[in-house]
Amino acid sequence: MGYAINSTNTGWRAVESEADLMAGETYSATEPVLPPAPLSLSDGYAQAIARPVTITTHAGVTKAYQADAASRQNVRDMLAAYSPAGALPTDFYWVAADNTQVPFVLSDLQELAAALGAQGWAAFQKLQTLKAQGATVWA
């Protein structure tokens, strides 16, 4: 038993042997791993801005932090709450993507916000470039 992979590499079917192949198909003895389907521009953009970002804190701790919509909003909320005071509470921490509690000072939170902003801006620029090229999928 094997697999017949179609000519566009987007699908396959089980076959008994190479003799069962149809025109344009190739044979594989192992189950094929097909490339992921292309993302729409909006889905690609959403994934690009939600990728974790990595920063190094004032204490030298380098960690990745979640960048989903809720995490980005939390950063905005904490900056709005604590920036006027000029400092975070002394026991303040941010939870890294690996669930580590990392002590933060205000400059760390600002650095995280800047990293999120830079990632969002880069993704937006790519989205605009792809649109200008007439693309329909995120490449």
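The contact is made on the H2 side by Arg72, Val75, Met78, Leu79 and Tyr82, and on the H3 side by Leu106, Leu109, Gln110, Leu112, Ala113 and Leu116, where contact means heavy atoms within 4.5 Å. Of these contact residues, 9 are nonpolar, 1 is polar and 1 is charged; Ala, Val, Leu, Ile, Met, Phe, Trp, Tyr, Cys and Pro count as nonpolar, Asp, Glu, Lys and Arg as charged, and the others, Gly among them, as polar.

The model is a predicted one, in which local features need pLDDT of at least 70 and side-chain atom pairs count only at pLDDT 80 or more, while totals for chains, interfaces and linings use all residues. Residues are numbered from 1 along each chain as its sequence is written, and side-chain values use heavy atoms, with hydrogens and water left out.

Two packed helices are described by the angle between their axes and the distance between the axes. H2 (residues 69-82) and H3 (residues 106-132) pack at an angle of about 140°, with their axes 10 Å apart; the axes are lines fitted to C-alpha atoms, for helices over the stretch in contact, and angles run from 0 to 180 degrees between N-to-C directions. H2 and H3 are therefore oblique to each other, since angles under 35 degrees count as roughly parallel, over 145 as roughly antiparallel, 65 to 115 as roughly perpendicular and the rest as oblique. Helices (H or I, at least four residues) and strands (E, at least two) are DSSP runs, numbered from the N terminus.

Two further residues of H2 deserve a look. Arg76 lies in this helix and, at 46% relative accessibility, counts as partly exposed, the scale being buried under 20% relative accessible area, exposed over 50% and partly exposed in between (1.4 Å probe, protein chains only). The C-alpha atoms of Arg76 and Gln110 are separated by 9.6 Å, although the two residues are 34 residues apart along the chain. Ser71, also in H2, counts as buried at 11% relative accessibility, and, leaving aside neighbours within four places in sequence, Ser71 is in contact with Gln66 and Trp94.

A search of the whole structure finds 2 salt bridges, each a side-chain nitrogen of Lys or Arg within 4 Å of a carboxyl oxygen of Asp or Glu. In one of them, Lys63 and Asp98 meet through their side chains at 2.8 Å, N to O. Lys63 lies in strand E6 and Asp98 in the loop between strand E7 (93-95) and strand E8 (101-103), so the pair ties together parts that are 35 residues apart in sequence. Lys63 is partly exposed at 22%, and Asp98 is partly exposed at 46%. Glu25 forms a salt bridge with Arg13, the closest N and O atoms being 2.9 Å apart; Glu25 counts as buried at 17% relative accessibility, while Arg13 is partly exposed at 30%.

Two loops complete the tour. Thr57, in the loop between strand E5 (53-56) and strand E6 (62-65), counts as buried at 5% relative accessibility, and, apart from neighbours within four places in sequence, Thr57 is in contact with Tyr65, Val102, Pro103, Phe104 and Asp108. Asn99, in the loop between E7 and E8, counts as exposed at 63% relative accessibility. Most residues other than glycine have a negative phi. Phi of Asn99, however, is near 70°, a positive value in a residue other than glycine.
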